[in-house]
Amino acid sequence: TASERLDAGLAKLQAAAGEGEEHEALDELKAALQAGERAGLSGPELEPARAALRKAEWRASAASELAKATKARNVEKLRAALEEAEAAGVDEERLQGGRGGLAGGGGKEALPPAAQGAEKAPA
């Protein structure tokens with residue numbers, strides 16, 4: 001039934017969140033929600049799945065932004081992305097990667113790795 005499909009989608013999403021692999025589970029939960037709507041399930045029956053979907057999409061977006069900010073090596077953007085990722089519940093492994101990028105940035109903004117820590121050349 002549609003209700004069972006929703007329950008299965010939620011369970012898969014929760015399991016995937018622990019492994020940091022939500023993308024496929026998100027798609028499955030979206031499909032289950034659509035099936036539930038077509039089957040005539042009411043708002044209260046669908047709301048837990050909708051809430052889980054919103055949270056998972058937020059977490060996936062925050063993880064993506066964190067990866068971009070880490071790669072860009074921009075301290076300001078990385079700090080903001082880490083804050084958002086922590087609030088969204090991004091897994092600790094990804095957070096540690098971002099924190100490592102922040103620690104490795106040396107407080108310098110948007111410098112390439114070769115330039116970080118380089119002394120200013122005499123004029």
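Helix α3 (residues 43-72) packs against helix α4 (residues 75-88) at an angle of about 155°, and their axes lie 8 Å apart. The axes are lines fitted to C-alpha atoms, for helices over the stretch in contact, with angles running from 0 to 180 degrees between N-to-C directions. The angle makes α3 roughly antiparallel to α4 (a term for angles over 145 degrees). The crossing of α3 past α4 is left-handed, meaning that the near helix is turned anticlockwise from the far one by less than a right angle.

The model is predicted: local features need pLDDT of at least 70 and side-chain atom pairs count only at pLDDT 80 or more, whereas totals for chains, interfaces and linings use all residues. Residues are numbered from 1 along each chain as its sequence is written, and side-chain values use heavy atoms, with hydrogens and water left out.

In the contact (heavy atoms within 4.5 Å), K55, W58, R59, A62, E65, L66, A69 and T70 of α3 meet K77, L78, A81, L82, E84, A85, A87 and A88 of α4. The residues of this contact comprise 10 nonpolar, one polar and five charged.

The protein as a whole contains five helices and zero strands, where a helix is a DSSP run (H or I) of at least four residues and a strand (E) one of at least two. Of its 123 residues, 29% are buried (under 20% relative accessible area, 1.4 Å probe, protein chains only). Among contacts in the protein with a separation of 6 or more, 56% come from residues 24 or more positions apart.

Terms used: Angles under 35 degrees count as roughly parallel, over 145 as roughly antiparallel, 65 to 115 as roughly perpendicular and the rest as oblique. Ala, Val, Leu, Ile, Met, Phe, Trp, Tyr, Cys and Pro count as nonpolar, Asp, Glu, Lys and Arg as charged, and the others, Gly among them, as polar. Buried means under 20% relative accessible area, exposed over 50%, partly exposed in between (1.4 Å probe, protein chains only).
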